[in-house]
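Please work through the following exercises with the sequence and the model in view. Each task is followed by a solution in steps.

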Amino acid sequence: MVWVNALVQGLLLGGLFALFATGLSLAFGVMKFVNLAHGDLAILGAFLAVSTTATLDISPWLALLVVVPVMAALGYLLQRYFFNYTIGDNPLPSILVTFGLGVVIQNALLERYSADSRGLDAGSVETASIKLTDGISIGWLPLIVLLVAVGVLVGLQLFVSRTRLGRAFRATSDDPVTARLMGVNDRNVYAVVMAIAFATVAVAGVFLGIRQTFGPSDGPAQLLVGFEAVVIGGLGSLWGTLLGGAIIGVAQTVGNQVDVETGWLSGPLLGHLIFLLVLVFKPNGLLGRSRRTS
Amino acid sequence: MSLLEIDGLSAGYGDFQALFDVSLTVDEGATLAIIGANGAGKTTLLRTIAGIVPATAGSVRFGGHDLLGVPAHRRVGLGVAMVPEGRALFPSLTVRENLEIGAYSKRPGTWTVQKVVEVFPLLERLLGRPSDVLSGGEQQAVAIGRALMANPRLILLDEVSLGLAPIVVKQVYAALPAIAAAGTTALVVEQDIAQATAVADHLICLLEGRVSLEGPPAELSRDDIAAAYFGLAHTPSTEAR
């Protein structure tokens with residue numbers, strides 16, 4: 001039963017990881033943009049929620065209504081007037097620029113909020129749970145996070161596959177110059193993609209803050225998990241991102257259970273091992289089809 | 001009246017200059033063929049008109065607008081559509097989606113997916129397919145249809161016969177009269193001189209980035225064209241403008 005419980009809790013945890021990875025997957029899928037500041041942006045979103053809840057005296061859930069639009073606008077502006085200059089055949093400029101941005105965000109947060117750990121108080125929902133059987137309970141909070149993650153990914157997938165703008169995303173991803181010949185402003189497409197990426201990572205950051213305490217330097221650890229989910233699922237594939245998040249989540253909880261029983265593994269270690277195995281045996285990821293998906 | 005007026009146009013890629021002082025005019029509804037050897041600057045000329053290669057000197061006026069100040073993605077809305085060399089379909093999009101994205105600029109006009117299928121009946125059963133599994137001729141039909149979906153006043157056709165079997169080339173070119181009938185002006189880049197002289201009202205030959213010959217096909221002899229094409233002899237003066 002403990003193993004079934006580990007599996008269930010892992011899947012729930014995977015929702016948060018998938019939400020972290022969504023923006024990375026989308027930005028890479030459409031514009032081959034590797035955002036090393038992604039984890040720091042999640043933490044930035046969580047701290048923005050700290051300020052919003054304190055200033056307006058509202059719950060973290062309502063703070064999402066402020067934090068998400070602010071982060072989306074920030075993403076749009078950063079991409080339009082800054083990141084766009086790094087887009088090209090060579091991914092190195094984007095890696096260097098976002099690495100620097102991550103350092104800036106970490107230090108700005110340290111300056112503004114100090115190094116103390118913070119948390120977001122969402123009230124009783126944080127501990128409430130549904131008891132399925134003896135030994136297995138599902139927490140409301142992880143369940144909400146998972147449902148939101150699935151909702152976001154399904155919504156994005158529908159948006160990309162069904163709408164006029166989604167078609168422009170895919171066309172730009174295939175061939176930005178030819179997309180321009182169709183009347184698509186690729187620079188604007190990139191900015192909208194980054195706005196969506198920032199919005200999703202802001203949601204992930206706030207959920208993280210509700211779930212656990214966080215500090216200004218916690219970003220890179222989130223980035224690592226996000227990248228692993230994206231790579232395991234398949235670069236640029238949104239369904240793959242959900243699968244990758246679930247696998248990393250299960251690996252962490254099962255790994256922790258192994259650690260409890262035998263003392264030879266730890267949760268994060270098992271996740272990293274699976275990541276390495278996927279890189280060796282299926283470098284395109286489990287659902288990676290290199291071109292067809294976006 | 002002339003729809004497109006190019007005057008003293010120079011363009012290139014970085015330090016490499018591909019066009020030198022090119023001037024030409026195209027009347028509304030006419031078909032202009034541009035011929036020339038590989039590397040003569042034909043594709044660069046079309047790409048400069050479409051806006052994806054920057055001009056370094058000269059002017060391009062289109063229907064009264066100065067095109068050079070307009071970014072590429074806005075030129076489609078003004079009525080300039082391009083069929084790029086090598087088709088360049090979007091592999092992530094189905095055939096229908098490739099056609100639909102041609103209408104992205106929402107320029108008003110009469111072209112629809114249905115009308116494109118009437119011009120290229122072979123597309124009917126392919127609409128739901130991914131575009132990268134099509135044959136070369138099918139892809140070319142999609143690429144031309146995609147450009148038509150923009151309801152262009154000027155369509156730029158770059159080497160539409162390249163890599164296609166002669167019978168397929170014939171099918172593709174059979175669509176040109178339908179395009180012209182819609183009042184669309186066409187600029188056709190073509191390596192096949194016989195094909196170019198057959199479809200065009202006016203012919204321009206480029207040699208190493210410069211206009212080496214121009215005139216109505218009927219008034220140009222094969223020797224003149226061959227000389228201008230390969231740069232063999234002294235090129236005849238061209239005051240036909």
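**Exercise 1.** Determine which strands of chain B helix H1 lies across.

Solution. Helix H1 (residues 42-50) of chain B lies across strand S1 (2-13), S2 and S4 of chain B. Its direction is at about 70 degrees to S2(B), where axes are lines fitted to C-alpha atoms, for helices over the stretch in contact, and angles run from 0 to 180 degrees between N-to-C directions. Helices (H or I, at least four residues) and strands (E, at least two) are DSSP runs, numbered from the N terminus. The model is predicted: local features need pLDDT of at least 70, side-chain atom pairs count only at pLDDT 80 or more, and totals for chains, interfaces and linings use all residues. Residues are numbered from 1 along each chain as its sequence is written, while chains are lettered from A and ligands numbered from 1 in the order in which they are written.

**Exercise 2.** State the strand order of the open sheet in chain B and identify the edge strands.

Solution. The 4 strands follow the order S2-S1-S4-S5 (chain B), with antiparallel pairing; two strands pair if DSSP finds at least two bridges between them. Strand S2 (16-27) and strand S5 (65-66) of chain B are the edges, each pairing on one side only. Strand S4 (residues 55-62) of chain B joins S5(B) over 2 bridges, in the antiparallel sense. Opposite Arg61(B) stands Asp66(B) in S5(B).

**Exercise 3.** Find how many residues of chain B are in contact with chain A.

Solution. Contact requires C-beta atoms, placed from the backbone, within 7 Å. On this basis, 20 residues of chain B are in contact with 18 residues of chain A. Helix H2 (72-78) and helix H3 (95-102) of chain B each supply at least two residues of the side of chain B that touches chain A.

Definitions and conventions:
Contact = placed C-beta atoms within 7 Å.
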